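Walk through this model one piece at a time. Keep the sequence and the structure side by side as you read.

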Amino acid sequence: MNSYVYHAISGSWVFSKHLQKWSWLSTGKLRANYATVGNDAPPLSLADVYDQPAPFYTPSGTYILFSLPNTKNNANLRPEKTTSKEVGLEMAFLHNRLGFDVTYYHTNTVDQIFPVATTTSIGYSSVMINAGNVENKGIELSLFGSPVSTRDFSWNMNVNFTRNRNKVLELYQNSKNLLMASFQGGVTLNATIGRPYGELQSNTFQFLDGKRLVNSSGLYPVSTTTNNIIGNVNPDWIGGVLNSFRYKNLTLSFLVDVRKGGDVFSLDMYYGQNGGFLPESVGLNDLGNDKRLPVAQGGGIILPGVTDDGKENTKRVTIVSATSTVLPQSEFVYDASYIKLREANITYTLPSKLLNGVKKYIKGVDISFIGRNLWLIHKNVPYADPEENLSAGNVQGYQSGAYPTSRNIGANIKVKF
Amino acid sequence: MKTVYKLWMAALLLVVSCTKKIDELNRETKKPPYVPAGTLLNNAVKNLSDGFASANVNVNIFRHVIKHWSQATNQEEAQYDFNTRAINAAWWARMNRDILGDLRDAKRYVTADPDLPDGVKTNQLAMLDIIEVYTWGVLVNSFGNIPYKEALDKTNFFPVYDDAKTVYADILKKLADDISKLNTGYSGFSTTQDFLYGGNVRKWINFANTLYMRMAIVIADVDNATAKAAIESASPKAIDSAADNAVFKYLASAPNNNPLYDQIISSGRSDFIAAKDLMDVLNNMADPRKTQFFGTNNAGQYVGSVVGEVVSFATISKPAAKIALPDAVNIMADYVETEFIRAEAVERGYAVGGTAEDHYKKAIRASILWWGGTNADADTYLARSDVAYTTAAGEWRQKIGFQKWIALYNRPYEGWVELRRLDYPKLPPPVNAKSGFPNRLSYPGIEQQLNGDNYTKAASDIGGDKVETKLFWDKF
């Protein structure tokens with residue numbers, strides 16, 4: 001039986017109590033905390049067992065098959081540990097009409113337990129181990145204010161802003177790179193030492209003086225290595241603005257969400273152009289002919305770029321049905337920034353005099369209309385919603401078969417008894 | 001009274017649940033921690049056979065590389081794109097993880113088994129090693145330098161790559177050793193632990209010798225002495241009739257049917273079609289195997305398509321129905337290749353008996369008969385001036401290379417090795433080829449991420465991790 005100890009300490013100081021002579025200061029609070037939190041291994045990850053593929057039932061007997069599993073378990077796992085340090089400042093002014101809450105945090109996840117992908121030369125494709133030290137630090141800021149506040153009309157505003165930076169400090173054994181996921185299309189998601197946690201790697205162009213290199217056949221020679229960094233899935237920052245207006249009994253509020261930066265690889269664009277499903281794969285070439293015709297019939301395209309000697313490429317190539325057959329994966333990485341009207345909401349509160357007759361039973365009635373995902377104001381990923389992702393959790397930055405985001409519009413009647 | 005009874009029952013349940021040891025909650029009860037060695041061999045052999053038999057674009061695309069098949073719609077594989085689908089990584093993982101890992105484990109069980117008579121133990125260890133050598137050979141001949149000495153060690157996540165030539169010399173030595181240890185006086189694995197020969201040790205000896213010949217002839221251009229000695233010793237004991245062929249027998253019912261059945265029939269995939277390169281040859285030379293290799297297009301004709309070019313599926317011949325039967329067998333080693341190697345051995349001056357022409361004719365005849373042709377078909381075909389050994393075009397490399405290329409139909413991986421080695425027939429590159437002809441597979445992309453330092457060194461040692469880089473034995 002193993003036992004492990006975790007500890008935490010936190011404290012806060014409401015300094016505004018000592019500054020009551022400053023009437024403009026409504027609240028002032030400084031807080032700090034330090035905590036270590038443990039996490040256990042997933043079940044059945046200690047002892048090794050065999051997998052059983054389907055047996056062969058034949059007239060001469062049953063051929064039984066057993067196979068080593070793809071993941072090597074580990075009986076010597078330690079619990080993983082997250083240490084977090086945080087300081088925060090909350091302040092409000094002018095009778096709470098204006099205020100902010102700012103937090104700086106710094107967490108280290110050490111000895112994280114997971115099946116680490118290994119070269120299959122070891123006889124497995126992953127091994128359960130305690131690995132690494134990943135650092136996350138960032139700032140969370142929220143502002144609130146009530147610019148107008150009268151009996152009949154009020155305006156409240158809330159602004160949120162988060163900026164996170166993560167970095168891989170240590171991995172396992174002498175590893176310099178943690179393979180977090182391998183995707184269809186030859187793209188991998190990685191955590192490399194000294195780099196952000198979550199970078200996309202794959203093929204890219206070769207460059208000559210910053211210009212795309214084209215070979216003698218008129219095609220882009222793709223890099224021979226597939227560990228070129230083609231994107232970072234982490235956003236620069238995310239934020240949101242919530243405005244809410246009330247005029248007498250009518251309240252209107254709306255939330256705008258913003259994400260700045262972070263990359264996504266779109267398998268849909270990759271295959272969509274490849275298979276000719278998207279309008280991008282058709283059109284006219286510089287000669288005014290259908291670009292999918294053979295070069296001999298005036299079709300084909302000239303890929304922008306330079307040849308070995310630095311001169312502009314002039315060779316026209318046949319592209320048959322596929323554009324992506326000549327484009328490396330890095331071409332299908334998009335900026336996942338967006339601005340969205342995430343939610344809007346209108347609420348009408350029935351005037352209390354209408355309820356005069358039934359006041360004994362009903363205290364109030366609110367009628368609201370709520371809409372979510374109403375408007376994608378700005379984005380850079382073609383066709384799809386940048387927020388769509390193949391999976392949740394750590395595996396980000398990859399779209400495959402992205403669904404359109406659903407728009408929800410609903411009505412709500414709230415009766416208070 | 002009733003309430004008291006209920007309380008007692010509740011208390012009893014609590015007691016029962018508390019006596020359970022907490023450790024047992026973390027014990028797998030549905031899967032075994034120990035298994036018989038033969039079941040691991042079964043799994044290894046099946047994975048090896050699946051890899052060779054498959055036409056899955058994620059697994060085995062050598063049918064396109066050697067231009068036996070082309071694709072109607074998807075052209076990436078035919079145009080030598082191995083990275084997008086990580087075909088190289090899948091091939092590497094199959095050989096290392098799905099085959100070698102299991103064989104190593106099986107050896108551990110056999111060695112430690114106190115109840116096994118020594119003779120049987122020796123036979124079993126030799127058989128496990130033969131499949132292991134077979135697999136290492138595939139890895140070397142596909143990639144070049146590979147992790148070998150430090151491979152299959154679950155505590156070392158960063159195995160060093162070894163020089164391909166050194167690895168190859170070592171596995172040839174091991175194979176010779178295994179052959180010398182196989183003893184028909186003792187049994188090997190039981191019938192249901194031996195997919196290839198059902199426990200027949202004599203046939204294992206034939207199989208191992210044909211494998212030895214095949215692996216030795218690969219290095220004949222760079223190490224003639226070793227190849228000569230190996231082939232001269234192996235030839236008399238090699239596979240001498242189709243009855244001794246090493247074949248993997250798939251079942252008529254899923255999931256253990258031939259992979260081609262999944263890829264062509266049950267998936268309904270309308271993509272795999274005959275390549276013009278092979279079809280023109282079959283047509284022009286009235287090859288009796290044509291109707292066994294391929295069916296017709298929708299108009300009833302035998303037509304091949306240009307590899308790498310999009311074409312209407314209906315207009316081109318499809319692979320023959322018989323190779324896509326669910327229970328179609330897959331060849332792992334056969335009499336046909338044994339005779340082709342003997343023909344070549346004679347040309348190289350090795351003492352294997354007979355004439356090159358004689359072995360060449362036997363090889364082609366055996367191929368025609370295997371595919372369902374008659375001796376009369378073979379006579380007619382062999383009498384053609386473009387087939388007969390004395391009149392066929394070119395010197396021996398060309399004659400043997402050309403006929404072997406046809407005979408290795410549906411053995412695409414072996415076809416790829418021979419095409420690189422003999423350099424005949426000369427095949428034009430596919431339309432919009434992504435690279436030159438693949439003389440090897442580039443290392444799995446994820447090796448760069450998972451074993452980066454060793455990868456970088458290996459890539460530079462072999463002269464660049466490109467598909468065009470020639471392996472150590474590929475002199476011409």
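In chain A, 3 strands form an open sheet with mixed pairing, in the order 21-18-24. Strands here are DSSP runs of E of at least two residues, helices are runs of H or I of at least four residues, and both are numbered from the N terminus. Two strands pair if DSSP finds at least two bridges between them. Strand 21 (333-335) and strand 24 (398-399) of chain A are the edge strands, and each pairs on one side only.

This is a predicted model, in which local features need pLDDT of at least 70 and side-chain atom pairs count only at pLDDT 80 or more, while totals for chains, interfaces and linings use all residues. Residues are numbered from 1 along each chain as its sequence is written, and chains are lettered from A and ligands numbered from 1 in the order in which they are written.

Stay with the sheet. Strand 18 (residues 263-266) of chain A runs antiparallel to strand 21 of chain A, and 3 bridges join them. A:Val264 stands opposite A:Tyr334 in strand 21 of chain A. Helix 1 (residues 267-274) of chain A packs on the sheet. Helix 1 touches strand 18 and strand 24 of chain A, and its direction makes about 35 degrees with that of strand 18.

Now look at residues 26-214 of chain A. UniProt, in an unreviewed entry, places the feature "domain: TonB-dependent receptor-like beta-barrel" there. UniProt positions follow the numbering used here, feature names are shortened, and annotations may be inferred rather than shown by experiment. Over residues 26-214 the chain is 0% helix and 64% strand. The end C-alpha atoms are 66 Å apart.

Turn to chain B. Helix 15 (residues 396-407) and helix 16 (residues 412-422) of chain B pack at an angle of about 165 degrees, with axes 10 Å apart. That makes helix 15 of chain B roughly antiparallel to helix 16 of chain B (angles over 145 degrees count as such). Axes are lines fitted to C-alpha atoms, for helices over the stretch in contact, and angles run from 0 to 180 degrees between N-to-C directions. Among the contact residues are B:Ile400 and B:Trp405 of helix 15 and B:Leu419 and B:Leu422 of helix 16.

Last, the two chains meet. The contact takes 56 residues from chain B and 53 residues from chain A. Residues are in contact if their C-beta atoms, placed from the backbone, lie within 7 Å. Helix 4 of chain B gives the largest share of chain B's side, 9 residues.

Notes: Contact = placed C-beta atoms within 7 Å. Parallel < 35°, antiparallel > 145°, perpendicular 65-115°, else oblique.
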